[in-house]
Amino acid sequence: MIRRFLLGLAALVTVQLGAAPAVPLTNLVDEHTAFVVSITDAPALVRGWDASPMAKTWDDPQVARFFAPLREKIKLDDWDAKTKDATGSTLRELLALADGEALVAVPAMDFQKLKQSDAPPFLLAIHVGDHAAKLEKILADAATKSEVHEQTEVFSGATVHITPIKKASADAPDTADAKTGPDTFAWALVDGVWLLSAEKERVFAAIDALKNGGVEAALGKSVPFLAARERIGDDQALFYLNVAAIYPIVRDAVAAKKGAPNPLGVDPTVLLTGLGLDVLGEVYGAIRIGEKDTRMDFGLTYTEERGLVKLLAYKAGPVAQPDWVPAKWPSVSTMRFSASQAYAGLEEMLDAISPMLSGMAQGQITALNRKLGIDLKRDLIGSLGDDIITGYALPAGLDAGATPSMEQMDQLFAISLSNVDAFTQAVEALKQMIGGPAAAQLFAKRDYLGQTIYTFNAHPAPGAKPSPGFSYAIANRTVLLGIGSPVILENALQGMRDGQGAFWKRDDIKAALATIPPEASSAQFTDMRVVVTSLFELVATTQAAAASKGKGDDDDKKSLFDLSAKPDPEVIGRYWGLATGYTFKTPTGFFGTSRLLYPQP
């Protein structure tokens with residue numbers, strides 16, 4: 001008796017409040033939708049942005065002075081006033097109308113129809129809840145102020161507004177009749193959801209879906225989409241490209257033009273399968289901006305490893321943590337990757353696309369092997385191991401606290417070797433082919449800590465800007481290639497001799513390593529304070545270089561940045577901390593996660 005009473009009371013309250021099960025916005029579109037941006041919590045995303053390093057950097061007084069000329073040029077500080085004049089609300093107040101989910105969806109469609117369309121066939125859906133009446137008034141006032149003549153239609157009990165997009169023309173300048181037909185947008189407010197599209201039929205379909213609990217075979221209920229959601233967890237925004245839905249349209253479009261001239265003799269449909277585009281599922285990226293960190297996830301799924309996917313020859317971890325990496329390097333990556341497997345995948349892909357082209361390529365390689373006296377596949381590529389380390393370092397000789405632009409930093413690539421002798425022989429043969437009798441002069445040779453460093457002597461043409469030089473050494477069953485100053489290579493060799501590289505012993509790196517699964521194929525660690533500072537330096541040097549080419553009366557007007565206010569590392573260090581990331585591979589996908597940690601007091 002009591003149970004029936006409580007159930008009846010609950011039903012009565014539900015009817016009186018007009019409540020109904022919320023329909024996730026991703027259920028308003030079907031599983032064949034080509035592209036989706038899904039925001040799961042708009043207010044949380046806005047709060048996260050306010051706490052993010054990007055927002056805090058932009059609002060910093062010194063950074064604001066640095067960007068002052070640019071802000072003035074684009075009238076950035078007037079945008080809010082213009083928005084309020086047009087809508088009666090500031091941009092922040094408009095953003096606050098979204099109180100939950102938001103969705104942008106683009107369907108898979110024939111490319112020919114897309115060319116003929118004046119507007120992309122999208123659907124925008126935003127949950128505004130109790131703000132619906134306020135939004136409706138804003139839209140009505142905007143229509144009145146713009147003097148456009150809306151039409152309305154009632155569909156399934158909802159009012160759909162069809163609003164012309166004004167466009168001045170020679171025949172009807174600045175009138176609402178200047179654009180008609182497809183040059184309109186339709187919108188409706190239904191159950192606290194604002195629906196908008198360039199095509200009223202999409203709004204009608206979305207209204208139907210809201211009324212009926214979603215469409216059949218909804219994207220939000222599909223296995224691939226749910227799997228992506230499960231992998232990324234508590235994201236605030238998801239960017240989802242449904243390659244599996246797009247591929248049949250691409251295939252049919254290619255097949256329709258099969259008779260077109262093809263000098264290479266490659267069947268276009270075979271090209272698609274040879275590249276392995278038919279095995280791709282989804283590509284997605286997601287973001288969650290929190291108060292202490294920002295997390296980004298990405299994924300690429302496939303049904304089998306074929307074509308381009310086979311070139312992603314990453315291997316399961318754990319990744320190498322060599323003790324020669326110096327603690328002071330601002331960016332270090334380590335990965336397990338098989339160059340031999342990637343090369344085999346390339347051969348297989350080329351053979352699948354065109355046996356004729358594959359045979360020609362193999363013939364060229366065979367001829368080159370005879371000329372060199374080696375086997376490039378066996379001796380060069382086959383001698384490479386699976387461990388790869390890359391790193392950036394500040395060049396030697398900088399003033400204390402100085403940070404150069406990114407392209408001026410030294411860079412190191414290190415790859416383990418499975419056959420040192422064969423690799424060394426292959427490299428020497430290539431040097432002889434490139435340099436001929438002058439090969440010895442092209443590469444200066446010197447001893448360093450018992451190892452041999454070869455430095456390429458570049459001789460740029462008169463007046464040409466010299467390109468960064470490079471040096472290499474083969475030591476400790478590893479080939480080391482340094483770009484820029486040889487100092488970065490010397491630092492690595494010092495670490496190999498002493499085993500004193502302390503990068504992996506840093507507290508922040510150890511904490512980051514604890515969050516990386518042991519099977520990860522790669523791991524990356526970057527001091528974003530250095531990177532962001534270098535970006536400001538790049539902007540400053542680019543403007544200074546442009547100014548030095550010629551000074552005229554209008555130079556100050558052309559300047560977009562106040563170089564006297566260039567933020568220093570101390571300012572950047574208030575907001576930017578360590579960025580870490582890792583990737584891993586499964587039989588059905590390649591996935592990754594990155595985190596940006598904020599400096600904590």
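Which residue in strand 19 is the bridge partner of Asp527? In this model, that partner is Leu578. The model is a predicted one, where local features need pLDDT of at least 70, side-chain atom pairs count only at pLDDT 80 or more, and totals for chains, interfaces and linings use all residues. Residues are numbered from 1 along each chain as its sequence is written, and side-chain values use heavy atoms, with hydrogens and water left out.

Let's stay with those strands (E runs of at least two residues in DSSP, numbered from the N terminus). Strand 18 (residues 522–527) runs antiparallel to strand 19 (residues 578–586), with 6 bridges between them; two strands pair if DSSP finds at least two bridges. On to strand 20 (residues 589–597), which pairs with strand 19 over 8 bridges, again antiparallel. A hairpin of 2 residues links strand 19 to strand 20, and Ala579 has Leu596 as its bridge partner in strand 20.

Now for the inside. A nonpolar core is a set of buried Ala, Val, Leu, Ile, Met, Phe, Trp, Tyr and Cys residues joined through side-chain atoms within 4.5 Å, and buried means under 20% relative accessible area (1.4 Å probe, protein chains only). The largest such core has 32 residues, and Leu28, Leu195, Ile207 and Tyr240 touch the most other members. Helix 10 (residues 200–211; a DSSP run of H or I, at least four residues) gives the most to this core, with 6 residues. A second, separate core holds 30 residues, among them Val325, Leu480, Leu489 and Met496.

Terms used: Buried < 20%, exposed > 50% of the residue type's maximum accessible area, 1.4 Å probe, protein only.
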